[in-house]
Amino acid sequence: MNSITKNKDALKEILQNLINEEFETFLADLKTKNPDQKYYRNGTYTINYNSELGNIKLRIPRIRNIEFKSAFLSKSSYSDKIVSLCISLYSNGLSTSRISNTLYEVFGIDISKTTVSLFTSELDKNVDTYFSNQLEDQYLFIHLDAKYFSVRNISSNKSALISAIGVTKDGKKDHIHMNVIKRESKKDLISFLSELKDKLILTNPSFIIDGAEAMPSAIYEVFGDVPIQRCLVHVVRNAKKVLKGFATSSDIKSIETKLNYLFFECKNCEVDKCITELFSQFPNQVNKLKNLLKCKHIFTYLGYPECIGKLIKTNNTIEQFHSNLEAVTKQHRTYPDEASLYRAIIKEIERYNQFDTLYEPVNFQISENKFESSNLIKNFKQADYITIEIRKSGRLLINKEINKMQYREIQQII
């Protein structure tokens with residue numbers, strides 16, 4: 001049985017509402033077919049309904065001189081399973097109208113989309129539990145990212161579902177908070193992060209983020225000066241975009257390979273050497289990337305032991321979760337409101353939190369020899385390029401970019 005329908009009272013309420021709706025439809029059909037005849041309600045009688053959860057007492061409405069039988073209860077062995085099926089189909093992206101049509105076409109059961117909505121409203125209890133639960137674990141790392149959905153009551157454009165996945169010292173990963181916002185503005189992000197901070201026990205975690213421009217300043221506003229690590233996969237992608245149209249495809253490919261080696265294979269102690277080699281091999285091309293690579297959030301991982309650094313270099317943890325959401329929600333193009341979206345994805349969140357998603361337990365303490373990012377910034381400043389021109393009789397002979405160190409060497413020779 002679905003965990004939602006394990007509550008016998010909840011199942012009783014659903015079935016009773018379904019019977020009442022079916023009775024109203026039956027009575028309306030009688031009045032339509034025989035408009036001259038009067039029909040009188042005649043109270044109710046009680047039956048024992050044998051569900052998978054045990055006996056449930058249900059009240060069946062009556063009409064004087066006419067017997068009403070619930071077509072739904074006549075399929076008694078399937079009733080609670082159909083409730084579970086409706087919830088499961090909705091959690092897998094089908095709209096209430098499509099579920100209603102499917103039940104009629106496959107099972108011959110005529111259930112309105114309003115009734116299906118009644119079934120799926122049981123998911124609201126799970127959503128309320130998710131938001132009201134106080135976090136008991138200390139999350140030392142938190143992955144943040146947004147996925148966009150069409151939510152009709154918020155915006156005509158797609159709205160951002162911001163999610164936070166926390167990682168404990170023991171390596172346990174949990175989806176800990178979410179919110180739907182109109183866009184990833186600093187104001188909306190601060191509101192989301194303030195809610196997240198209220199739930200956390202540890203108020204100074206490290207954050208792993210993608211390239212959202214307003215995210216770092218919003219984090220500093222709410223949590224203070226905490227470590228932030230940019231997803232390095234996104235950095236490499238952005239580097240390719242910057243170089244497109246400026247460098248040849250072969251150079252872009254080579255630089256991509258070098259950056260992947262720098263970020264994902266190079267040992268911490270060899271980072272300076274690797275960057276120097278990158279500048280010397282591709283001086284003009286890498287000069288275009290210096291503003292991107294000088295971002296102080298890129299090399300945060302160097303402040304941790306290498307076993308930790310490799311775990312926080314990317315946002316793959318939350319990207320994988322959003323990939324699963326995409327598979328679940330792709331059939332449901334538009335949600336009427338954020339509550340409907342939360343209902344649709346709450347089962348995926350429960351599945352994620354129950355699944356054994358663990359990092360290898362490691363020591364998360366920052367290394368004693370904390371890497372000073374200022375060293376890298378200094379290297380980049382030394383690699384700033386200037387253009388020199390050499391002319392003879394007014395005719396341009398050489399127009400070339402050289403870095404400041406090369407320029408100093410030329411001056412010494414002169």
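Student: Okay, which residue is the bridge partner of Ile 142 in S6?
Tutor: The partner of Ile 142 in S6 is Phe 207. Strands here are DSSP runs of E with at least two residues, helices are runs of H or I with at least four, and both are numbered from the N terminus. Before we go on, this is a predicted model: local features need pLDDT of at least 70, side-chain atom pairs count only at pLDDT 80 or more, and totals for chains, interfaces and linings use all residues. Residues are numbered from 1 along each chain as its sequence is written, and side-chain values use heavy atoms, with hydrogens and water left out.

Student: Got it. In what sense do S3 and S6 pair, parallel or antiparallel?
Tutor: Parallel, over 3 bridges, with S6 covering residues 206–209. Two strands pair if DSSP finds at least two bridges between them.

Student: And what about S3 and S8?
Tutor: S3 and S8 (residues 334–335) also pair in the parallel sense, over 2 bridges. There, Ser 150 stands opposite Thr 334.

Student: How many bridges are there between S3 and S4?
Tutor: S3 and S4 share 11 bridges, in the antiparallel sense. Ala 146 stands opposite Ile 162 of S4.

Student: Next strand, then. How do S4 and S5 pair?
Tutor: S4 (residues 158–168) and S5 are antiparallel over 8 bridges. Ala 160 has Ile 181 of S5 as its bridge partner. The hairpin of S4 and S5 has 4 residues between the strands, and Gly 171 in that hairpin takes a positive phi near 90°.

Student: Why is S5 described as largely enclosed?
Tutor: Because 9 of the 9 residues of S5 (residues 173–181) are buried, the strand is largely enclosed by the rest of the structure.

Student: Switching to helices! What's the angle between H3 and H4?
Tutor: H3 and H4 (residues 113–120) pack at about 110°, with their axes 8 Å apart. Axes are lines fitted to C-alpha atoms, for helices over the stretch in contact, and angles run from 0 to 180 degrees between N-to-C directions. H3 and H4 are therefore roughly perpendicular. Angles of 65 to 115 degrees get that label, while under 35 is roughly parallel, over 145 roughly antiparallel, and the rest oblique.

Student: Where does Asn 101 lie?
Tutor: Asn 101 lies in H3 (residues 96–107). Asn 101 counts as partly exposed, at 44% relative accessibility.

Student: What about H6 and H7, how do they pack?
Tutor: H6 (residues 186–199) and H7 (residues 215–223) pack at about 40°, with axes 9 Å apart. That makes H6 oblique to H7.

Student: Last one: which residues of H14 are buried?
Tutor: They are Thr 317, Ile 318, Phe 321, His 322, Leu 325, Val 328 and Thr 329. Seen down the axis of H14, these buried residues fall within an arc of 125°, so they line one face of the helix. That arc is taken from the directions from the helix axis to the C-beta atoms.

Note on methods:
Buried < 20%, exposed > 50% of the residue type's maximum accessible area, 1.4 Å probe, protein only.
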